[in-house]
Amino acid sequence: MINLMLTSCTTETPSGAGAPGSSAQVSSAHVAAELYDGLGARQATISPKFLYDALGSKLFEAICELPEYYPTRTEAGIFERHAGEIAHACGVGTTLIDLGAGNCAKAAALFPLLRPAQYVAVDISTDFVSEALARLRLRFPHIEMQALGLDFSSGLALPDSVRRERRLFFYPGSSLGNFTPPEARSFLTRLRKGCGPDGALLIGIDLAKDKAVLDAAYDDALGVTAAFNLNVLRHVNRLLGSDFDIPAWRHVGFYNEAAGRVEMHLEAKRAQRVRWPGGGRDFAAGERIHTENSYKYRQADAIGLLEQSGFEATRVWTDPHCPFAVIHAQAIA
Ligand code: AVI
C-alpha cells in the first residue's frame, strides 16, 4: 500500500475529477498502473489527484491566500454576506453531508444558522476529519456528528448510520470544475440518488470570467501555482521511482476559452528521457504533460448541469464583482 497524501485548502478538502482528497490508502499497483497509463499516452497526463501530497496540500493552502486566486475568498464572501438567506433556503434540521470536509470549517461556520440534525463529514482521510470532528463536538455538543472516510469521487455508499431524512449535500470550493462536464454530471447524478426525494445540494461553482483574471489565478506572480504543479513530478518520482528532473520542466497555466476551462500543463524545457522501473519515455522540447482542468461554467450552464442530474436550482447567490455562484438545488422528485 502507498500512502497517497492528499490534503485540503484551509477549510475544505478539494475533491473532484479524481482530484483531491486527503490521505488515501491506495494500492501501489493501482497507482503505478494509473500513472504509467497517463505517462504513456500520446498526450501525456498525470491525474490532478497526484498534486496533493503533503507539500502539494500546503502549496494549495498558499494558493488560496494569493491575491490572484479569487475562488476561495469570493466563495467565503458569498457565504458571509448571504448566510441568513442560505440557511433559510436549506432549512434547519437537515442531515448535512459535507463532501471533502477537511477541517470542517466551512460547514461549521453555518452550524449556528443551519442547526443540522446530523452532520456527516466525508473525507478520503478519516484521521484528518475525525480530529476536526473531535474539536467540533466540544463547540456543538447538541449536533450528532460522524466522520466517514470515503473517496466519494468514485462512489457514494453511505452507511445506515447516516439519516435518510432531508439530506443536504454540501460541496463548496468549486471542485466540481476539476471534473469534465460528463464526469460532473455522473457525480451530481450519484448525489441526487444519494440524497433521496426530499434532499438538496448546496454547492460552490466557479463561473467563466475575463481571461486575464483566470490566467493570473492559475499562473501567479509569486510562482506558487507553478511550484504546486511542478511538485507533482516530485510526488510521481516518489511513487514510481522515476527520475523526472524538476528544473527541466516549466509550469503552464492558462484559460482555454474555447474549451471553457483553465488547463495546467508541465512543459519540457529541453528534449529529455524520463526513466522509471521497467520503462521510460522520451519527451521533446516543448512537449507537455496535462495535469489539471478547471472548468468555468456560465451560470445558465451550471444550472442546466444540475437539472440534467436531477436537481432544480432554487436559489443562486453570486458576487457583484467576481463571477462565482453558490447554488441551493432541490432534488427533483
Ligand atoms: C481544487 N480546485 C478547485 C482548484 C482549482 O481552482 O481548480 C485546484 C487548483 N489548481 C490550481 N490552482 C488551484
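Which side chain makes a polar contact with the side chain of Asp53? The views below, taken from a predicted model, begin with that residue.

**View 1. Asp53 and its partner Arg238.** Asp53 belongs to the loop between H1 and H2, where helices (H or I, at least four residues) and strands (E, at least two) are DSSP runs numbered from the N terminus. The side chain of Asp53 contacts that of Arg238 at 2.9 Å; a polar contact is a pair of N or O atoms within 3.5 Å, and within protein one must be able to donate a hydrogen and the other to accept it, while residues adjacent in sequence count only if both atoms are side-chain atoms. Asp53 is buried, at 1% relative accessibility (buried: under 20% relative accessible area; exposed: over 50%; partly exposed: in between; 1.4 Å probe, protein chains only).

View 2. The side chain of Asn178 places an N or O atom 2.9 Å from a ligand nitrogen. Ligand oxygen atoms lie 2.5 Å from a polar side-chain atom of Tyr218 and 2.6 Å from an N or O atom in the side chain of Ser294. Of the 340 Å² of accessible area that the ligand has on its own, the protein covers 100% (Shrake-Rupley method, 1.4 Å probe; for residues, only the protein chains shown count as cover).

**View 3. The largest cavity.** The structure holds 3 cavities of 30 Å³ or more; a cavity is a set of points, on a 1 Å grid over the protein atoms alone, where a 1.4 Å probe fits but cannot get out, and lining residues have an atom within 4 Å of a point. The largest has about 160 Å³ of space, a volume being the space filled by probe spheres set on grid points joined across faces, edges and corners. Its lining comprises 16 residues, with Phe60, Tyr69, Asn178, Tyr218 and Glu292 nearest the centre. Helix H2 (54-65), helix H9 (224-240) and strand S12 (288-295) each give two or more residues to this lining.

**View 4. Helix H5 and the residue after it.** In helix H5 (residues 105-114), Lys106, Ala107, Ala108, Leu110, Phe111 and Leu114 are buried.

Residues are numbered from 1 along each chain as its sequence is written, and side-chain values use heavy atoms, without hydrogens or water. Local features need pLDDT of at least 70 and side-chain atom pairs count only at pLDDT 80 or more, whereas totals for chains, interfaces and linings use all residues.

Notes. 1 Å grid on protein atoms, 1.4 Å probe; cavity = no way out; pocket = protein on both sides within 12 Å on 5 of 7 lines; lining within 4 Å.
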